[in-house]
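Student: I've just opened this one and I'd like to talk it through with you. Can we put it on screen and start with a single residue?

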Number of protein chains: 2
Amino acid sequence: MRARLEAGQQEIVAAARRVMLRCDELARVTASETGIERVYLSPEHARANRLAAEWMRELGMSTRQDAAGNLVGRLDAADPEAPALMIGSHLDTVLDAGRYDGMLGVLAALEVVRLLREPAGDAHRSPFRFAIEVVAFWDEEGTRFGKALLGSSAAAGTWDDRWWALQDAEGVSVRQAFLEFGLDPARIAEAARRPEQLVGYLEAHIEQGPELHRRGESLAVVSSIASARRFQLVVEGEARHAGGTPYDMRRDALLGASEAALAVERLCRAEHHIIGTVGQLEAFPGAMNVVPGEARFSLDLRGELDGHRDEVWSALSLELDAIMGRRGLRWRADEVHNAAAVGCAPLLQDVVREGIATTLAPGADAPATLFSPAGHDGMSIGAITDIGMLFLRNPDGISHHPDEDVSTEDVAHGLRALAESVLHLAAERG
Amino acid sequence: MRARLEAGQQEIVAAARRVMLRCDELARVTASETGIERVYLSPEHARANRLAAEWMRELGMSTRQDAAGNLVGRLDAADPEAPALMIGSHLDTVLDAGRYDGMLGVLAALEVVRLLREPAGDAHRSPFRFAIEVVAFWDEEGTRFGKALLGSSAAAGTWDDRWWALQDAEGVSVRQAFLEFGLDPARIAEAARRPEQLVGYLEAHIEQGPELHRRGESLAVVSSIASARRFQLVVEGEARHAGGTPYDMRRDALLGASEAALAVERLCRAEHHIIGTVGQLEAFPGAMNVVPGEARFSLDLRGELDGHRDEVWSALSLELDAIMGRRGLRWRADEVHNAAAVGCAPLLQDVVREGIATTLAPGADAPATLFSPAGHDGMSIGAITDIGMLFLRNPDGISHHPDEDVSTEDVAHGLRALAESVLHLAAERG
């Protein structure tokens, strides 16, 4: 076992370039001709897994697709029963996505394995007392079924049987989609990992925010993944003829929903570290000349602290009561996702911090420590093992958008930091 | 020719009951299992035309489907070249529609023909010096292609060749839909009627508003059909990650559209006889965890006076500039419909008023005269002949909704009034 990364800067930059090229290659695995769209249990899911599995095998890893469609590559330790350090992220995307959110973390994990393998040793063996796994989770985003973290929840053994009935926009259920993809719903429990099989979970991810860009720094230690609650809201009024119905007789569901969306912005904006977003909104029946009798919209509500976030939801509920009451409308909310904030383990925060420090000039300030307002697979995996995360600078903070970007230089810093983190962890564990 | 309707009250009530039963029968010609949906150039269009054509032939009328899919039944006068009085309305519906808007006017026209035919004369002949046509127009509502009054525009010879490219929600163009329905787009001009072929156009329609209900009266004379402008608006911002993008970096298109919808309500509500409705709104990309980069919505803007309506649109445009400017958004509007207000001809207003008067108790007030904030086929037909309209009470003013209603008693009053109007017109024309 080495105490220090032997790879030279040239080797690391070459690895960073490979990460960038492979992000481009994955971007071509898309269901959309005009952008990147790669959702859970789709033909693109299968294609992306095949491609990533090839890259894993190039590194001497054994590969398997688990019972939830996640892809796992593994280098055993000398003791094949030794627990594994998982490094990874996800390969699914939002609609019209960027090419780095998720994919970067999977490809970076592969390059870290390449940098850490004993050049003189057995290429099929982990150089540490623990095994190394590279994992590519599926449906971190929840794009297809509205429920995020499906794959990593299966891996954490927290799959909820109610999810089988969730449907996509075409009315296909999770259960049907499993069968069509070639997975057996009855075997979902086999995807679950046990705590004793794992050393921990490390993930590199673009920040999806502007903080590192504003600070002019490449990398940050993540302290915790903030918690999100997601709701589907329905406003009910009365559909009426647009021409003949005076304003005093209207119960316009869309205007109620519009006021609600603006109230989300107003209430959340007034708070520190609370973010609420209405990403979906639609009016029904949806004709130009009919006052909408129903409107449906989504709410994604995040906060650094669960209690604070829940207080804001309570305040918002009162505000919605007032808005809808004034307009003679009814409203209801179905909670479709509720995750508690998950802290990164102190040890893994420390090794990531030490890893980042190796990329800094002597005398530089300590690396930034940020919390993540965005959800990540670590939120699920935190239920069974310690998690640690590293953020890479995201120019201008643009994510979930085709303009999402990261620089090759920052990726090189990230690869060095992540590889050094693993070495520090190995040293800590003796 | 008779000067006064010979039919007894019993016969008229039986006719009103037949109208109600046939409205129920047409309601079963629907594309939706859960409500009424009968759109232009659909299988339901063909089925409804076949059904109505049978009813026309029962009355001895000749029938034809014109080059735009409108159904026309005709009783010639003794002189087969004599011009025709058209009586009718439309058979297409909005989504999740009621069963009277349009259909009632077509079925009432049929019963008026039945009441006016010479019992002793030739059942296949108009009892007047003019022919009588019953017409069932298609796509008065504009449900499928976003453009209203397609069929009656074709009949008026004002079809616009740009409409061929309009598409429905599935991307099917008007041209394709014509071909799939079995109509030849090249023959559209054959649907056009010439002014010299027509005596005028009469239509009975539910009010689609609460005014008669509030007054406690059954019927009203229509003075004019107010004008509508319709727009499809697009707001462009930037799609970004919902968790990682602070409010000061967001350019949320949906929030801009929400403010715009509320501004429509605020500005129109402040004016007399101006109605603006946002009936459609959708956010893109439409994921729960993505700040919407684009929002699209419709605007239907009506006013009693064209000039006033246009002033409100100008004020609204300035307001949208301000809203979108504050939020860093761009907006644009495509005008998809622009109709001028159309007045009912004084003579036809008079004969309708006299017709309604025959249904009132001696000494009752003169019938109400209302303008129509809702559009009707008469707006198109007014380009080639005089138009007259009669409104029937619409309980609580609910229209474009499954709860849309009319009473059998009011329909009986309406049938008598409409038949008497035709007799008065025949007398006026000598």
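This is a predicted model: local features need pLDDT of at least 70, side-chain atom pairs count only at pLDDT 80 or more; totals for chains, interfaces and linings use all residues.

Student: Which helix of chain A is Glu420(A) found in?

Tutor: Look for the run of residues 408-428 in chain A, where Glu420(A) sits. That run is helix 11.

Student: Is Glu420(A) buried or exposed?

Tutor: Its relative accessible area is 0%. Buried means under 20%, so Glu420(A) falls in that class. The word for Glu420(A) is buried.

Student: Now the domains. Which domain of chain A takes in residues 227-339?

Tutor: Chain A is divided in two, and domain 1 is made of 2-226 + 341-428. The piece 227-339 is domain 2.

Student: How many Å separate the centres of domain 1 and domain 2 of chain A?

Tutor: The centres are taken over C-alpha atoms. Between domain 1 of chain A and domain 2 of chain A, that gives a separation of 34 Å.

Student: And what area do domain 1 and domain 2 of chain A bury between them?

Tutor: The size of an interface is often given as the accessible area lost when the parts come together. For domain 1 and domain 2 of chain A, 53% of the buried area is on carbon and sulfur atoms. The total is about 870 Å².

Student: Which three residues in domain 1 of chain A lose the most area to domain 2 of chain A?

Tutor: Together they make up 44% of what the domain 1 side buries. They are Ala226(A), Ala341(A) and Phe371(A).

Student: How many of the domain 1 residues touching domain 2 of chain A are nonpolar?

Tutor: In chain A, 13 residues of domain 1 are in contact with eleven residues of domain 2. The domain 1 side has two polar and two charged residues. Its nonpolar residues number nine.

Student: What is the count of salt bridges between domain 1 and domain 2 of chain A?

Tutor: There are polar contacts across this interface, in three residue pairs. The salt bridge count between domain 1 of chain A and domain 2 of chain A, though, is zero.

Student: Let's move on to the two chains. What area do chain A and chain B bury between them?

Tutor: Here 67 residues of chain A are in contact with 67 residues of chain B. Of the area buried between chain A and chain B, 58% is on carbon and sulfur atoms. The whole comes to about 5500 Å².

Student: Which three residues supply more of the area that chain A buries against chain B than any other three?

Tutor: Their share of the area on the chain A side is 16%. The three are His241(A), Tyr247(A) and Met288(A).

Student: How many salt bridges are there between chain A and chain B?

Tutor: One of them joins the side chains of Arg327(A) and Glu265(B), at 2.7 Å from N to O. The salt bridge count between chain A and chain B is four.

Student: Which element gives the largest share of the side of chain A that touches chain B?

Tutor: Several elements of chain A supply at least two residues each, among them strand 7 (227-236) and strand 12 (294-303). The largest share is ten residues, and it comes from helix 7 of chain A.

Student: What about salt bridges inside chain B? How many residues apart are Arg266(B) and Glu319(B)?

Tutor: Their side chains meet in a salt bridge at 3.0 Å, N to O. Arg266(B) is in helix 7 of chain B and Glu319(B) in helix 8 of chain B, so the pair links distant parts of the chain. Arg266(B) is partly exposed at 44%.

Student: Why are Arg353(B) and Asp350(B) separated by about one helical turn?

Tutor: Arg353(B) and Asp350(B) form a salt bridge, with the closest N and O atoms 3.2 Å apart. Both residues are in helix 9 (residues 346-357) of chain B. They are about one turn apart because their spacing along that helix is three residues.

Student: Last one: is Asp410(B) buried or exposed?

Tutor: Asp410(B) forms a salt bridge with Arg393(B), with the closest N and O atoms 2.8 Å apart. The relative accessibility of Asp410(B) is 3%, and the cut-off for this class is under 20%. So Asp410(B) counts as buried.

Key:
Residues are numbered from 1 along each chain as its sequence is written. Chains are lettered from A and ligands numbered from 1 in the order in which they are written. Side-chain values use heavy atoms; hydrogens and water are left out. Domain bounds come from an automatic or database domain assignment. Contact means heavy atoms within 4.5 Å. Buried area is the accessible area (1.4 Å probe) that two parts lose on being put together, summed over both. A polar contact is a pair of N or O atoms within 3.5 Å; within protein, one must be able to donate a hydrogen and the other to accept it, and residues adjacent in sequence count only if both atoms are side-chain atoms. Ala, Val, Leu, Ile, Met, Phe, Trp, Tyr, Cys and Pro count as nonpolar, Asp, Glu, Lys and Arg as charged, and the others, Gly among them, as polar. Helices (H or I, at least four residues) and strands (E, at least two) are DSSP runs, numbered from the N terminus. Buried means under 20% relative accessible area, exposed over 50%, partly exposed in between (1.4 Å probe, protein chains only).
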